[in-house]
Amino acid sequence: MEENAYIPMDVIYDFMIAVFEGLGTPTEDACICADVLITADLRGIRSHGVARLKYYYDRIQAGLHRTKTQIEIVKETPTTALVDGHHGMGHVIAHHSMRMAMDKAKQFGLGAVSVRNGTHYGIAGYYPLMAAKEGMLGLSVTNARPTVAPTFGAEAMLGTNPIAFAAPSDMDYPFCFDAATSTSSRGKIEVLARAEKPVPGGWAIDEQGQPITDADQILQGLDRTTAALVPLGGVGELFAGYKGYDLATMVEILCASLSGGMFLKDLSGFAEDGSRRPFMLGQFFLAIDIEHFVPLEVSKRITGQIMRALQDARKQTGQERIYVAGEKEYEMEHKVRKQGIPINRSLRRDLQTVRDGLGIAGYEPYF
């Protein structure tokens, strides 16, 4: 059974704050972490919302994330900065870095911040949306632990390395693209595993390059390096899998070469002796202040015209709508705010484990 309960958004949000606080995260930072996760659930990205809470709980308990985030500015110019996150809470590091990029962009037109020693920061789209809300273009990319094989390879080398971009528009919502550079993210496979559903063919391969569709087998194989995800576009060159492979590599370069940080297999989370260690991720944030180019209303109108023209294009037989990036998420947010966040039995057990582990009271009626 996949979904058997809908929990009010405010209940989930408050619970997540209590969890992060219970783990030692200062209240202000706990609110940032919870806001990133609840935004994922509101936008229908279930793999990165409350479903990720136990993931952070386990990593914090293992000492892989530091709950008291120390952000060090290693180098700074009027338009750029290099930040060392010292393995703190990724959401907090990223929020601070995007804010810094936006402040620089407001003054000089462009702001770029590179991060080393970061940790998992939730949905990449959260941070460009920060910029779009303030009349800017935003870009965010992050590398990740190796789970994706290069084209013609059968060994996980690259992370899912998402790319996120947002632009304000005169529509009711901004344009917001947020996607992994692999055919699927690990999180989507985790969602299918919880629902006891198979994975579509073409998402993952084994050591011989053969497709795997059992979600648990894929997740175990990723941990044991006996499986790999496939680049965006698919296996080989027929459907341009090399494009996803090269985009992932582009992200790796932006995140590692501008931060002087780790890359590829050094992001596995394991030291040479096999012991666990922080993942030491790299991230890159860019903000562009539109008013330094054209009036904001002109840019918003043109972006909206582009979006509407695409939506109004001739449709394929049997198709009623053409969507633009950010549209489904906008509609999903209204739905989730009204009906709550879906919690299946597997996720309910995870939340109970976290609740009981921290001795958090008051949520028993929900999970």
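This is a predicted model: local features need pLDDT of at least 70, side-chain atom pairs count only at pLDDT 80 or more; totals for chains, interfaces and linings use all residues.
Biologist: At what angle do H1 and H2 pack?

Modeller: Helix H1, residues 9-22, and helix H2, residues 27-42, pack at an angle of about 140 degrees, and their axes are 8 Å apart. That angle makes H1 oblique to H2, a word for angles that are neither under 35 degrees (roughly parallel), nor over 145 (roughly antiparallel), nor 65 to 115 (roughly perpendicular). Axes here are lines fitted to C-alpha atoms over the stretch in contact, with angles from 0 to 180 degrees between N-to-C directions, and the helices (H or I, at least four residues) and strands (E, at least two) are DSSP runs numbered from the N terminus.

Biologist: How do helix H3 and helix H11 pack?

Modeller: H3, residues 53-61, and H11, residues 345-358, pack at about 40 degrees with their axes 9 Å apart, and they are therefore oblique to each other. H3 passes H11 in a left-handed crossing.

Biologist: How many salt bridges does a search of the whole structure find?

Modeller: The search finds 16 salt bridges, each being a side-chain nitrogen of Lys or Arg within 4 Å of a carboxyl oxygen of Asp or Glu. Among them is the one between Asp103 and Arg99, whose closest N and O atoms are 3.2 Å apart. Because these two residues are four apart in helix H4, residues 90-108, they are separated by about one helical turn.

Biologist: What does Arg99 meet in another part of the chain?

Modeller: The side chain of Arg99 also meets that of Glu134 in a salt bridge, at 2.8 Å from N to O. This pair links distant parts of the chain, 35 residues apart, with Arg99 in helix H4 and Glu134 in the loop between helix H5 (126-132) and strand S5 (136-142). Arg99 is partly exposed at 24% relative accessibility, and Glu134 is partly exposed at 34% (buried means under 20% relative accessible area, exposed over 50%, partly exposed in between, with a 1.4 Å probe and protein chains only).

Biologist: Which residue forms a salt bridge with Lys265?

Modeller: Lys265 pairs with Glu155, the closest N and O atoms being 2.1 Å apart. Lys265 lies in the loop between helix H8 (241-257) and strand S10 (281-289), and Glu155 in the loop between S5 and strand S6 (163-167), so the pair ties together parts that are 110 residues apart in sequence. Elsewhere, salt bridges that share partners join Arg52, Arg145, Arg186, Glu190 and Asp223 into one network.

Biologist: Is Glu252 buried or exposed?

Modeller: Glu252, which lies in helix H8, is buried, with a relative accessible area of 5%. The C-alpha atom of Glu252 is separated by 9.9 Å from that of Leu281, a residue 29 positions apart from Glu252 along the chain.

Definitions and conventions: Residues are numbered from 1 along each chain as its sequence is written. Side-chain values use heavy atoms; hydrogens and water are left out. A crossing is left-handed if the near helix is turned anticlockwise from the far one by less than a right angle, and right-handed if clockwise.
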